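Let's take a look at this one together, piece by piece. Keep the sequence and the 3D view open while you read.

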Amino acid sequence: SQPLAGHQAAELQSKVVPSKQILHSDNMEMEPETMETKSVTDYFSKLHMGSLVYSCTSKRKTK
Amino acid sequence: RMEASCLELALEGERLCKAGDCRAGVSFFEAAVQVGTEDLRTLSAIYSQLGNAYFYLHEYAKALEYHHHDLTLARTIGDLLGEAKASGNLGNTLKVLGNFEEAIVCCQRHLDISRELNDKVGEARALYNLGNVYHSKGKNVASAGTHDPGELPDDVKSALQKAANYYEENLTIVTELGDRAAQGRAFGNLGNTHYLLGNFRSAVLAHEQRLLIAKEFGDRSAERRAYSNLGNAYIFLGEFETASEYYKRTLQLARQLKDRAVEAQACYSLGNTYTLLQDYEKAIDYHLKHLVIAQELNDKIGEGRACWSLGNAYTALGNHDQAIHFAERHLEISREVGDRSGELTARLNLSDLQMVLGLSYSTNNSMMSESHVVENSLNGTRPRAGRRHSMENMELMKLTPEKVQNWN
């Protein structure tokens, strides 16, 4: 049975690992999402721009 | 006094999130909401940032809740730009949650308002988001089926084609604006869309652009992503040598960046590539490296894959002892993780190997002796040809690029 086993081994070897038989877990690598941002300071700085400008100029004046 | 306190808490939340500590930032924002404010614009900004912080923390249900609050508020106070931003963020969140139809509506709203306000930057960002939603939608449907990239049903193809069109539109604007970072992102995702569509040459061209921009910025993570994506595309072009070179660059960078999971992935890809090149010694070398890291990270599924691959490679080399060792390990792990098809494959591999070794392999091995029983209970009595066929189906399914995880 030795030649038979040899034949089977050869047959198995040829069947093993055809190109399709690969577990391809090629993770596709995506780019990150972009989120839109808001900030309390955006609005805060607009809201208080007047008084800030005022305090700066008044500080300058006092110098 | 109360107003200042809410603002102070929110400012601290902003500072913490900018510093990268979203978890701590969230607690300050939530404290700010507790204190409350009558200034609805401030509240809108807090909701928006809470939504984004939860998004980055992968707590999407919470992100959805806060972006929804922000949208309602922006509409109430008639803040059109604020509404556009909230819509975009809500759209991105809905996309991650798999609600693609609503995501499209939201991202489209972001786009419409940006155009109305003649806000080019917003318009480009909305186009990128829309591209991402259609890409996810296409990939989601595709992953449910058993297709190679390029062999797609019409609905998948049309979603992916739309994604490609949105990325192209985005690219036109960000190129005009000279925004290289945005170009890089669009090229990367455009490349991946072409890859799924089976346009592998176009995928390569896009990823080459992505690589160029990543190098300009010294962004090594983006560079590594580009190498990996280029490797994947060259595999499907049948250019395995080139693919192996790109995967090696990926591995190199993964090691430099000390990202073990990515290192494991690169080793696995290299193992598969050398299998395709029929260099089984090198394949085994890389699959063993992958196995070690999978065990280290307690990644059972990865470990099972490694054993399956090693079993095949050792069989190809005629090393049946090692082949049986890994096939048995694959069977054990498949059972452990409840992977029925993996379990079946492992049993088939073992019975094939047993047949080759025939008389020499011990018949009182418990796993071997029960194998035919389970096979019958799984499939009924099936002819050998049927077995092969079912195996091939499984392999085809696994070949399809997998759903992207939420790590990005």
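## Chain B from a distance

Take the contacts in chain B between residues at least 6 apart in sequence: 55% of them join residues at least 24 apart. A contact here means heavy atoms within 4.5 Å. As for secondary structure, chain B has 20 helices and 0 strands. Helices (H or I, at least four residues) and strands (E, at least two) are DSSP runs, numbered from the N terminus. Chain B has 408 residues, and 53% of them count as buried. Buried means under 20% relative accessible area, exposed means over 50%, and partly exposed is in between, using a 1.4 Å probe and protein chains only.

## How to read the numbers

This is a predicted model, where local features need pLDDT of at least 70 and side-chain atom pairs count only at pLDDT 80 or more, while totals for chains, interfaces and linings use all residues. Residues are numbered from 1 along each chain as its sequence is written, chains are lettered from A and ligands numbered from 1 in the order in which they are written, and side-chain values use heavy atoms, leaving out hydrogens and water.

## Two helices side by side

How do α2(B) and α3(B) pack? Helix α2 (residues 22–35) of chain B and α3(B) pack at an angle of about 150 degrees, with axes 10 Å apart. The axes are lines fitted to C-alpha atoms, for helices over the stretch in contact, and angles run from 0 to 180 degrees between N-to-C directions. The two helices, α2(B) and α3(B), are therefore roughly antiparallel. For the cut-offs, under 35 degrees is roughly parallel, over 145 roughly antiparallel, 65 to 115 roughly perpendicular, and the rest oblique.

Who touches whom? On the α2(B) side, the residues include B:V26, B:F29 and B:E30, and on the α3(B) side they include B:I46, B:Q49 and B:L50. The residues of this contact between α2(B) and α3(B) split into 11 nonpolar, 1 polar and 1 charged. Nonpolar covers Ala, Val, Leu, Ile, Met, Phe, Trp, Tyr, Cys and Pro; charged covers Asp, Glu, Lys and Arg; the others, Gly among them, are polar.

## Salt bridges

Over all chains, the structure holds 29 salt bridges. Each is a side-chain nitrogen of Lys or Arg within 4 Å of a carboxyl oxygen of Asp or Glu. One of them joins B:E12 and B:R15 (2.7 Å, N to O). Both sit in helix α1 (residues 2–18) of chain B, 3 residues apart, which is about one turn of the helix. B:E12 is partly exposed at 24% relative accessibility, and B:R15 is partly exposed at 47%.

Another pairs B:R41 with B:D79 (3.9 Å, N to O). B:R41 is in helix α3 (residues 40–56) of chain B and B:D79 in the loop between α4 (60–76) and α5 (80–96), so this pair ties together parts that are 38 residues apart in sequence. Is B:D79 buried or exposed? With a relative accessible area of 16%, B:D79 is buried, while B:R41, at 38%, is partly exposed. There's also a network of salt bridges linking B:K300, B:E303, B:R329, B:E332 and B:E336.

## A buried asparagine

B:N189 is in helix α9 (residues 180–197) of chain B. Its relative accessible area is 0%, so B:N189 counts as buried. Not counting residues up to four places away in sequence, B:N189 touches A:M30, A:E31, B:Y128, B:N132, B:H135 and B:Y167.
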